[in-house]
Amino acid sequence: MNCVLYGNLTRDPDTLTTSGGTTLAKFSVAENWQYKDKEGVSFFECVAFGKTASTISMYLKKGQPILIFGDMRQETWADSANQKKSRFVITINNFKFIGSRSDKTGQSHEPPASDEDVIPF
């Protein structure tokens, strides 16, 4: 199922390289929600591959916002006490940086602009 998710990373991305040489980044995102008089937070596991994984791992850290476009699936399993468990996992197809990050020196750590961001006139 296609999805769009806006939230904050709950931990720094874990980066791995598969035996085939593909970069893989895993992290989770928290998204606040509100419905009528109720509020809550939902947590989603996310996975990215290739250049997307490398970029996310390089520029995003715990607490930073991200806008994700991807495919969502629900994983289910039974724990050691035979209790049913489930979680939502999003495979990232694309993403957008939200806001900016500066260190104590005030230098920006924005990613380089891609050719897609340039409007030719």
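Student: How many salt bridges does a search of the whole structure find?

Tutor: First, the general idea. Side chains of opposite charge can pair when their charged atoms come close. This is a predicted model. A search of the whole structure finds 5 salt bridges.

Student: Which residue forms a salt bridge with Arg11?

Tutor: Glu45 does, with the closest N and O atoms 3.2 Å apart. Now look at the sequence positions. Arg11 sits in the loop between strand S1 (2–9) and strand S2 (14–17), while Glu45 is in strand S4 (residues 38–49). The two are 34 residues apart, so this pair links distant parts of the chain.

Student: Which residues meet Glu75 in salt bridges?

Tutor: Arg73 is one of them, with 3.1 Å between the closest N and O atoms. Arg87 is another, at 3.0 Å, N to O. Arg87 lies in strand S6 (residues 84–97) and Glu75 in strand S5 (residues 65–78), so their pair ties together parts that are 12 residues apart in sequence.

Student: How accessible are Arg73, Glu75 and Arg87?

Tutor: Arg73 is partly exposed at 39%. Glu75 is partly exposed at 23%. Arg87 is partly exposed at 38%.

Student: Which residues do salt bridges with shared partners join into one network?

Tutor: Arg11, Asp14 and Glu45 are joined that way.

Notes
Residues numbered from 1 in each chain as written. Predicted model: local features only at pLDDT ≥ 70, side-chain atom pairs only at ≥ 80, totals over all residues. Heavy atoms only, no water. Salt bridge = Lys/Arg side-chain N within 4 Å of Asp/Glu carboxyl O. Helix = DSSP H or I, 4+ residues; strand = E, 2+ residues; numbered from the N terminus. Buried < 20%, exposed > 50% of the residue type's maximum accessible area, 1.4 Å probe, protein only.
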